[in-house]
Amino acid sequence: MALLSAMVIAVGLAVLVPAAASAASCATAYSSSAVYVGGTTASYNGHNWSAKWWTQGETPSTGGSGVWADQGVCGGGGGTTPTPTPTTGTCNYPNWVAGQTYTTGSVVKYTDGKYYIAEHDNPGYDPVISTWYWDPYNCTGGGTPTPTPTATVNPGGFVVSEAQFNQMFPSRNSFYTYAGLVNALSAYPAFAATGSDTVRKQEAAAFLANVNHETGGLVYVVEQNTANYPHYCDTSQSYGCPAGQAAYYGRGPIQLSWNFNYKAAGDALGINLLNNPNLVQTDPAVAWKTGIWYWMTQNGPGTMTPHNAMVNGAGFGETIRSINGSLECNGGNPAQVQSRINAYQNFVGILGTVAGSNLSC
């Protein structure tokens with residue numbers, strides 16, 4: 001697969017929120033080195049600002065990419081995100097309904113009993129899967145929501161710690177966050193969570209080794225060869241290429257390309273990627289989900305999914321076949337195969353387990 005380019009383009013419209021008559025306490029001061037997820041609040045130039053989606057290094061303002069929403073004038077130096085004053089009553093937001101249109105700011109109760117707020121207009125996407133469109137919220141008395149920052153630790157016990165992830169990818173692009181990866185795990189709970197502890201670690205290492213090869217060590221986010229871009233539109237498909245003929249180039253940790261793959265991944269994840277392919281290069285969780293989607297569901301040019309190859313004992317070599325087939329396997333490009341194997345052996349070592357057999361294809 002072609003290498004991906006490092007450019008990440010974030011787009012959006014600013015939302016102005018009038019200042020309250022009485023200034024709220026200021027949230028923790030904005031830091032250009034900090035990572036902010038949707039719903040996180042920071043103070044800057046005497047105003048509180050709320051991040052509408054993942055961002056790092058973008059100074060709060062109402063112009064530019066519109067990542068930040070102005071929450072109004074603040075004062076009093078509270079130093080923490082203000083919590084709305086509870087009122088009487090209990091949360092009574094409506095239940096989420098699949099397929100029902102929701103506008104930005106809508107709050108719903110999901111089937112797990114938790115509440116979520118729409119960060120973007122959407123046609124009823126699943127709040128747990130489509131995390132670019134929804135953020136989790138806690139309800140304080142009276143139904144006033146307060147944002148809950150996205151955790152960077154997988155509550156299900158992901159076999160790769162953040163420290164190990166950073167060790168594997170010391171020069172990675174800041175777009176590829178550990179939090180985004182952990183967030184994406186909910187889309188396919190069986191990923192790196194099937195079989196013995198050894199098998200789970202081997203699968204995680206195999207996935208990340210292939211990702212390492214595809215992105216130059218998680219450096220590149222989109223495909224560099226722009227000459228390929230118009231090639232990825234299959235006009236024979238009934239749905240065509242609504243985002244534009246050159247819009248379906250490779251993006252993400254495992255290159256997602258072609259209009260039919262964007263549609264298939266989007267349908268599976270509950271995200272309209274056919275019309276919004278740029279989500280794969282602007283939302284880390286969406287990017288990671290498309291990579292895990294391919295890993296868990298697609299045979300590619302092989303005979304089984306990479307997930308099945310690892311949990312059923314076919315070995316790491318079979319994952320290479322499922323990703324690049326004869327372009328690398330059966331003597332197609334032994335140097336590329338060895339590059340993947342080297343990364344896999346390095347990663348299983350970091351995870352404290354063994355590589356197993358059948359490493360080559």
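Author: Two residues are in contact when heavy atoms lie within 4.5 Å, and helices (H or I, at least four residues) and strands (E, at least two) are DSSP runs numbered from the N terminus. The model is a predicted one, in which local features need pLDDT of at least 70 and side-chain atom pairs count only at pLDDT 80 or more, while totals for chains, interfaces and linings use all residues. Residues are numbered from 1 along each chain as its sequence is written, and side-chain values use heavy atoms, with hydrogens and water left out.

Reader: What pLDDT does the protein average?

Author: pLDDT is the predictor's confidence in each residue, from 0 to 100. The protein averages 80, and 78% of the residues score at least 70. Over residues 1-22, however, pLDDT stays under 50, and the model has 71 contacts beyond four places in sequence for that stretch. Residues 76-89 also stay under 50, with 27 such contacts.

Reader: At what angle do the axes of α3 and α9 cross?

Author: Two packed helices are described by the angle between their axes and the distance between the axes. Axes are lines fitted to C-alpha atoms, for helices over the stretch in contact, and angles run from 0 to 180 degrees between N-to-C directions. The axes of α3 and α9 cross at roughly 135° and come within 8 Å. Angles under 35 degrees count as roughly parallel, over 145 as roughly antiparallel, 65 to 115 as roughly perpendicular and the rest as oblique, and α3 and α9 are therefore oblique to each other.

Reader: Which residues of α3 meet which residues of α9?

Author: From α3 come Q202, A205, A206, L208, A209, N210, N212, H213 and E214, and they meet Q336, S339, R340, A343, Y344, F347 and V348 of α9. By class, this contact holds 8 nonpolar, 6 polar and 2 charged residues, where Ala, Val, Leu, Ile, Met, Phe, Trp, Tyr, Cys and Pro count as nonpolar, Asp, Glu, Lys and Arg as charged, and the others, Gly among them, as polar.

Reader: How do the axes of α8 and α9 cross?

Author: Helix α8 (residues 316-324) and helix α9 (residues 334-350) have axes that come within 11 Å and cross at roughly 130°, which makes α8 oblique to α9. The crossing is right-handed, and the contact joins F316, I320, I323 and N324 of α8 to V337, R340, I341 and Y344 of α9. Its residues divide into 6 nonpolar, 1 polar and 1 charged.

Reader: In what order do the 3 strands of the open sheet stand?

Author: Two strands pair if DSSP finds at least two bridges between them. The order is β3-β4-β6, with antiparallel pairing. β3 (41-44) and β6 (68-73) stand at the edges with a single partner strand each, so one side of each is left without a neighbour in the sheet. From one strand to the next the twist averages 30°.

Reader: How many bridges pair β3 with β4?

Author: β3 pairs with strand β4 (residues 47-51) over 4 bridges in the antiparallel sense, and S50 in β4 is the bridge partner of T41. The two strands form a hairpin with 2 residues between them, where N45 in the turn has a positive phi of about 55°.

Terms used: Left-handed = near helix turned anticlockwise from the far one by under 90°.
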